[in-house]
Amino acid sequence: MSPQTPNSEAYWLPFTANRRFKRNPVVFSGAQDMYYFRPDGSEVLDGIAGLWCVNAGHGRPEIVRAISRTAADLDYASSFQMSHPLALRFADELIRAAPAGFSQVFFSNSGSEAVDTALKIALGYHRARGDGQRVRLIGRERSYHGVGFGGLSVSGIAGHRKPFGNLLPFVDHLPHTYDREKMAYTRGQPEWGAHLADALERIVALHDASTIAAVIVEPVAGSTGVLVPPRGYLQRLREICDKYGILLIFDEVICGFGRIGGAYSASHFDVMPDIITSAKGLTNGAIPMGATLVREHVYEAFMQGPESAIELSHGYTYSGHPVACAAGLATLEIARRENLFERAGELWKEWEDAAHSLKGAPHVVDVRNIGLLAAIELAPEEGKPGQRGYAVHQACLERDCLIRSAGDTMLLSPPLTIERHQIDRLFSTLHDALRSMP
Ligand SMILES: Cc1ncc(COP(=O)(O)O)c(C=O)c1O
């Protein structure tokens, strides 16, 4: 730790080994474009867009101006029984960018809240249609849907779930879609594995369709290791959901806003879910915000009874916060002006080649990529799962590159504004770090 690095005994950090952190804190005190700055002024190349969110690069002046102007003009306005121009405009703009058929946006403050909102809308939808026995929610192994009790219940990461007891009842999980023997070193979507969606038929047979409200999946599972959907898998899920009247939710908190291509990856995969959740890139990470988008038929199911009735008893004090909406509008404007949502497509080949150049590097057992996402999977150290991944993350940081580790998988998801020479630097640094490992 350099003498200038600040520290705190009081701060309990999320998803962090706190005692280890306090011994050796990692602190960034500034950020611009593709770089973080340490308190001593040194630069770190951001290979993960903050936490999969700063898609347009750090410190965008347009977003900064929108935030500061709005904080001065309208610091807060409730969204309960009232609104303000920025929320109204941002909702319209998000729907304009959405796949055809999506008609409504519900605002929240995080990906976790966007997911819990989606799950509640799914349950409420069936109840509103007189199908209130449809209470079962189906998630998938190796998925991450945030940390609310709803999202955690449908998530598929054992270590996140175990400490917290029973979670929601009436939840089941599809198998995950990763099989290294069949898929290792695939570029983009694997050809093998569409049939894994048929597990939903088995779940339907077990519980009966009449008890199932919704299936939620990340189109590409992000934080558990960039698990790319096999070709035809998402289509098959859609077909089975249609067959049994089950709603399909795509959690696009990572996959949206240009990460794979297009504002929503549903368009890229050409599969239309009933509900989409978004967050992270929605405001370029500059201000917390979540959004849940629904298709017309979902919304219409709620629009019954007297006009004075509240149709969905749900919402947050900060739903549609003016500052967040201003940041979101400025983010969309940047994306339009700079064709940011096409950037992953433009860089795809270079990104893919750079990622796969690590095939054969020490400890590497698989490389996966899609859009501007990549995962480099390492063989774990004997009896010490996760340690090699963390050591490589540290070694990259020592070489001034921020690359995330999830267990023994190295994850990369840079700002979409990354330049070709920075792609080279990220992967050559990772290669160098791997060569330095025992
Ligand atoms: C797919 C997905 N859903 C939900 C979340 C939760 O978002 P948040 O951390 O903003 O609550 C995340 C966060 O990484 C995510 O990747």
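Modeller: Start with Val 215. Leaving aside neighbours within four places in sequence, Val 215 is in contact with Ile 138, Leu 200, Leu 237, Cys 241, Ile 246, Leu 248 and Ile 249. This is a predicted model, where local features need pLDDT of at least 70, side-chain atom pairs count only at pLDDT 80 or more, and totals for chains, interfaces and linings use all residues. Residues are numbered from 1 along each chain as its sequence is written.

Biologist: What makes two residues count as in contact?

Modeller: Their C-beta atoms, placed from the backbone, lie within 7 Å. Val 215 and Ile 138 are listed as in contact, so their C-beta atoms meet that cut-off.

Biologist: Why is the set of 118 residues called a nonpolar core?

Modeller: The term means buried Ala, Val, Leu, Ile, Met, Phe, Trp, Tyr and Cys residues joined through C-beta atoms within 7 Å. Buried means that 20 or more other C-beta atoms lie within 10 Å of a residue's own. The largest such core has 118 residues, and among those with the most contacts inside it are Val 215, Ala 122 and Leu 430.

Biologist: How do you know that this core lies between domain 1 and domain 2?

Modeller: Domain 1 (18-56 + 340-435) and domain 2 (64-337) both give residues to the core, so it lies between them. The bounds come from an automatic or database domain assignment.

Biologist: How many residues of each domain are in contact with the other?

Modeller: 31 residues of domain 1 are in contact with 29 residues of domain 2. The centres of the two domains, taken over C-alpha atoms, are 26 Å apart.

Methods: Buried ≥ 20, exposed ≤ 12 C-beta atoms within 10 Å, placed from the backbone.
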